[in-house]
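Let's take a friendly walk through this model, looking at how its parts meet.

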Amino acid sequence: MECGLSPIVGFRFSLHPMSNEFVSIIKGALQNTDVSNVWMHTDDVSTVIRGKQVHVFNVAKSITLNAAKTGVHVALSGTFSAGCPGDTTADVYLDKVDEVTNKDETNQYVSSQFALYPMNNPNYMDVIYREIEHAKVKGVFNESMHYASGIHGDIHDVFAYYEAAFSRARSEEHKHLVMTLSMSINSPSHGDDLHA
């Protein structure tokens, strides 16, 4: 396959609950999420989910929300990727219908940072600046910083923004795209934002 042509989206992430019960929190978050629409594998460092974009983002949000609902301070770090030329193992999941299976609408404040990497795109900064402007319009932009942009708000608004940004960036002529994400939830440093 050529770079940028694979329709598969993947998300490799690590979940870090700030608790001695981290194993049960991580396993519980995974077990309480319907992952039937994605290919998933967990090892001793991280978990990867792969398939159609709509389901990868839905499962990513659900796992994060299920961990957050414990009330424990949770950190998430991961990388979304699309258009990798070697991505073929999860082809069977591309036949899934677009209806998502995880529909928990529990409100949860999150603070996050992301960086967008449109691969082999000479106009990559235009893509990045455009997505920052979209974040401001959507009311989820937090702040500019070195090597990332801050995004915050309710988890559903934040993940909706990330998925939309990913879709828009993939619509460019150069479709090999990487997006890194770091998220902090239930942190004592959030103060009043915890109840936003």
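What follows covers a pair of helices and then some salt bridges.

Please keep in mind that this is a predicted model. The crossing of α3 past α4 is right-handed. On the α3 side, the contact uses V127, R130, E131, I132, H134 and A135, while α4 brings Y161, A165, R168 and A169.

The side chains of R168 and E131 form a salt bridge, with N and O 2.8 Å apart. R168 sits in helix α4 and E131 in helix α3, so their pairing ties together parts 37 residues apart in sequence. E131 is buried, at 0% relative accessibility, whereas R168 is partly exposed at 24%. Through shared partners, salt bridges join R130, E131, R168 and E172 into one network.

The model has 8 salt bridges by the distance rule. One of them pairs D43 with R12, their closest N and O atoms being 3.8 Å apart. D43 belongs to the loop between β2 and β3, and R12 to strand β1, so this pair links parts 31 residues apart in sequence. D43 is partly exposed at 34% relative accessibility, and R12 is partly exposed at 40%.

Another salt bridge joins K52 and D98, at 2.6 Å from N to O. Both residues lie in loops, K52 between β3 and α2 and D98 between β4 and β5, so the pair ties together parts 46 residues apart in sequence.

Definitions and conventions:
Residues are numbered from 1 along each chain as its sequence is written. This is a predicted model: local features need pLDDT of at least 70, side-chain atom pairs count only at pLDDT 80 or more; totals for chains, interfaces and linings use all residues. Side-chain values use heavy atoms; hydrogens and water are left out. A crossing is left-handed if the near helix is turned anticlockwise from the far one by less than a right angle, and right-handed if clockwise. Helices (H or I, at least four residues) and strands (E, at least two) are DSSP runs, numbered from the N terminus. Contact means heavy atoms within 4.5 Å. A salt bridge is a side-chain nitrogen of Lys or Arg within 4 Å of a carboxyl oxygen of Asp or Glu. Buried means under 20% relative accessible area, exposed over 50%, partly exposed in between (1.4 Å probe, protein chains only).
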